[in-house]
Amino acid sequence: MNQINQMNKKYYAIIMAGGVGSRFWPVSKESFPKQFHDMLGTGQTLLQKTASRLEALIPKENILILTNERYTDLVLEQLPQINTNQIIAEPAMRNTAPCILMAAMKIHKQNPNAVMVVAPSDHWIEDEAAFISNLQNAFDFSEHSDVLMTLGIQPTFANTGYGYIEYDKSSQTSEKKVLQFREKPDYETAKGFLKQGNFLWNGGIFIWSTSSVLSAFEAHQPKLYSLFVEGLEHYNTEAESAFVLENYSKSENISVDYAIMEPSENVYVIPATFDWNDLGTWGSLYDKIVDNPSENAVVNARLLAENSAGNMIKTDTNKIVVLEGVHDFIVVEQNEILLIFPKSKEQDIKQLRNRVKDKFGDQHI
């Protein structure tokens, strides 16, 4: 590992760990979001698993964590291998573009030859060796070309919950020219995408050289770029936090997809060769654990099920759960909250938690 790290000093990673994960309520709360939980009962939280995966290619000192300032202590507790200088704490929530831009400026100031990956902290990747191989290919391509890259996920069904990436199918190389990004489609449109064969799910994993991404921000988001370039002399110094505190909230609330990926012409995608799950909902966690609708998915619980199938069950203390005649439900216990909710309505959990907040108080969300 030391030898690998010495060779890869120009490689950097940004782990996005600032989200609330509201669709995973009641386990994921504003005070303790899902990335800090061991959602699959593996012995590692999603954040720890993500950092461990990236450390196979990237020196641990080159891994930065982007998070909300309220989660700084949680990050340091779960990732003792990093120090406070590697945490970029957002004083306000402003979507992904502002924090990625600032992180790229910090890295570029430290190493103008850097190439970097932006990786969500809450994804589950099964074949980590394949992931590292795809990432290495993307690094190699980005290091020698002025491109913005992403790893696209091979679609397994007509999913209407993801954005799609359409690429040039005439390309004979592993790096495909992106023709356009497509918004979350309806079911018939998604089926058409799969039939065409040159559409991938947008998994939100980005790779580029710092010079390429900064050029893209300067060209397509000049106002945002100007705001953060004013702090260049302060980045990686003791004065950085004061600059961020004063200026970060002035930035536009915009995603990196809208800010630079969609308007740029030099965007490429590598179709991923690894299995992937974004773990965005209880249903996606169920799909990760079992692939047979006649089964129940169980995490940290002991289950006795009679005439019950398709359920997602999780408790916080390995409780015994007894089900009779229950099908396709989410059954989750977390501290003082018990959620029993139809899996088919999982997208409504975000609104449900707001109703719980109104009736029982902020401390429960």
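Where is the place of Ser142? I found Ser142 in helix 5, residues 128–144, with helices (H or I, at least four residues) taken as DSSP runs numbered from the N terminus.

A note on the ground rules. This is a predicted model, where local features need pLDDT of at least 70, side-chain atom pairs count only at pLDDT 80 or more, and totals for chains, interfaces and linings use all residues. Residues are numbered from 1 along each chain as its sequence is written, and side-chain values use heavy atoms, with hydrogens and water left out.

Next, is Ser142 buried or exposed? I noted a relative accessible area of 1% for Ser142, so this residue is buried (under 20% with a 1.4 Å probe, protein chains only; exposed is over 50% and partly exposed lies in between).

I then looked up the neighbours of Ser142. A polar atom of the Ser142 side chain sits 2.8 Å from the backbone oxygen of Ala138. Leaving out residues up to four places away in sequence, I listed Val115, Val147, Met149, Ile207, Trp208 and Ser209 as touching Ser142 (heavy atoms within 4.5 Å).

Then I turned to the protein chain. I counted 12 helices and 17 strands, a strand being an E run of at least two residues. The radius of gyration is 21 Å, close to the 21 Å from the globule rule for 365 residues, so the chain is as compact as a globular protein of that length (C-alpha atoms; 2.2 Å times the number of residues to the power 0.38). Of the 365 residues, 54% count as buried. Among contacts between residues at least 6 apart in sequence, 66% join residues at least 24 apart.

Key. A polar contact is a pair of N or O atoms within 3.5 Å; within protein, one must be able to donate a hydrogen and the other to accept it, and residues adjacent in sequence count only if both atoms are side-chain atoms.
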